[in-house]
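Subject: Structure handover

Hi there,

Here is the structure I promised to pass on, with my notes below it. Please have it open while you read.

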Amino acid sequence: MPASKPLQRRQPTGNEPEIALVLGAGGARGLSHIVVLEALDELGVRPALIVGCSIGAIVGAAYAAGLSGRELREHVALTFKDRAKVVARLLDARVGKFTDLMRGLGNPVLVDGERLLDLFWPEAVPDRFEDLALPFAAVATDYHLHAEVSLSSGPLTPAVAASLAIPGLVRPVMVGERVLIDGGAINPLPYDRLAAPGRIVMAVDTSAPATISDRRIPEPLEAMVGVSQILTRTIVQRMIERQPPDILIRAGIDGYGGLDFFKAQAILDASEPLKDEVKRRLSQALERQG
């Protein structure tokens, strides 16, 4: 995708509260974040800060780079339209080989998250946090310290790759002296530390609810991602019960799993009703605090 000029968004007046936008984990379901971003664009609202985890970090970084929600929709639709090309890119990003598995040396499906982002991100996304159009932070997990890590400066690609490094699927990332993995392991919807006077925190949850009617036994790869989805939903539910954000948008669309990236267009289409909810909830919050 060719480089784009930074999106021109409405600047808040001196009396308006700032918006902190939080985009959560959820795999392919997180593509619905794009519809939320389109609603913000249509309102002319410019977030003062974006925080993302896993798929939320991928989408959030691209939006913070200055791409509009519409441009992200077009990029995703074009990317996943060609299944053969996507599979070829995934194979190119693999760390292990199938022959290694036979010798007990590795995981043939493990991919390098940094190479994956280089293959799939729009060209307009810069290499460093400092070159983004909006302040942005990616949340990851320190594997050894069992601690949340917020990354907001320096190289962008390894930070986001760390945020999406689901164990067994994406290789852990070394950032400084830390071994980092998927931020969803500890805080899949990282809004809890953002509350501040004069700020509205809007968190977009794309975690997957339980599917009581489904009796199908999952495939091994699907089960691996499914465990991550269960963990994500459980953590998010407990966080919301303890202290909800100012605005909670449930954006995950029922009927789609964490690996359904080839259903990107269907996920985006099914997410369209979210626009009215986002506009209504945000407008009401701005009126209350304005």
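Predicted model: local features only at pLDDT ≥ 70, side-chain atom pairs only at ≥ 80, totals over all residues.

Residues are numbered from 1 along each chain as its sequence is written, and side-chain values use heavy atoms, with hydrogens and water left out.

**The chain as a whole**

The protein chain holds 10 helices and 8 strands. Of its 290 residues, 50% are buried; buried means under 20% relative accessible area, exposed means over 50%, and partly exposed is in between (1.4 Å probe, protein chains only). The accessible surface is about 14100 Å², and carbon and sulfur atoms account for 56% of it. Those areas come from the Shrake-Rupley method with a 1.4 Å probe, and for residues only the protein chains shown count as cover. Among contacts (heavy atoms within 4.5 Å) with a separation of 6 or more, 77% join residues 24 or more positions apart.

**The pocket**

A pocket here is found on a 1 Å grid over the protein atoms alone, as an open set of points where a 1.4 Å probe fits, with protein on both sides within 12 Å along at least five of seven lines; lining residues have an atom within 4 Å of a point. Grid points are joined across faces, edges and corners, and a volume is the space filled by probe spheres set on the points. The largest pocket has a volume of about 1200 Å³. It is lined by 45 residues, and those closest to its centre are Phe80, Leu90, Leu116, Leu259 and Phe261. Helix H2 (55-64), H3, H4, helix H6 (113-120) and helix H8 (220-242) each give at least two residues to this lining. H8 gives the most, with 5 residues.

**Aromatic rings**

Rings of Phe, Tyr and Trp (its six-membered ring) pair if their centres lie within 6.5 Å; planes under 30 degrees apart count as stacked, over 60 as edge-to-face and the rest as tilted. That rule gives 4 aromatic pairs. Phe80 and Phe261 form a stacked pair, because their ring centres are 5.7 Å apart and their planes are at 20 degrees. Phe80 sits in the loop between helix H3 (69-79) and helix H4 (83-92), and Phe261 in the loop between strand S8 (247-250) and helix H9 (264-270), so the pair ties together parts that are 181 residues apart in sequence. Phe80 is buried, at 18% relative accessibility, whereas Phe261 is partly exposed, at 24%.

Phe129 and Phe136 are stacked too, since their ring centres are 5.9 Å apart and their planes are at 20 degrees. Phe129 is buried at 6% relative accessibility, and Phe136 is buried at 3%.

Ring pairs also link Phe80, Phe120, Phe261 and Phe262 into a cluster. The charged end of Arg83 is 4.0 Å from the centre of the Phe262 ring, and Arg89 lies over the face of Phe120, 5.5 Å from the ring centre.

Helix H1 (residues 33-43) is largely enclosed by the rest of the structure, because 8 of its 11 residues are buried. Gly44 follows H1 and has a positive phi, near 80 degrees.

Most residues other than glycine have a negative phi. Ser54, in the loop between strand S2 (49-53) and H2, has a positive phi near 60 degrees and is buried, at 7% relative accessibility. His146, in the loop between strand S3 (136-142) and strand S4 (147-151), has a positive phi near 55 degrees and is exposed, at 63%.

Leu164 lies in the loop between helix H7 (156-163) and strand S5 (173-175) and is buried, at 8% relative accessibility. Leaving aside neighbours within four places in sequence, Leu164 is in contact with Ser54, Ile58, Leu117, Val170 and Asp182.

Best wishes

Conventions. Helix = DSSP H or I, 4+ residues; strand = E, 2+ residues; numbered from the N terminus. Lys NZ or Arg CZ within 6 Å of the ring centre and 35° of its normal.
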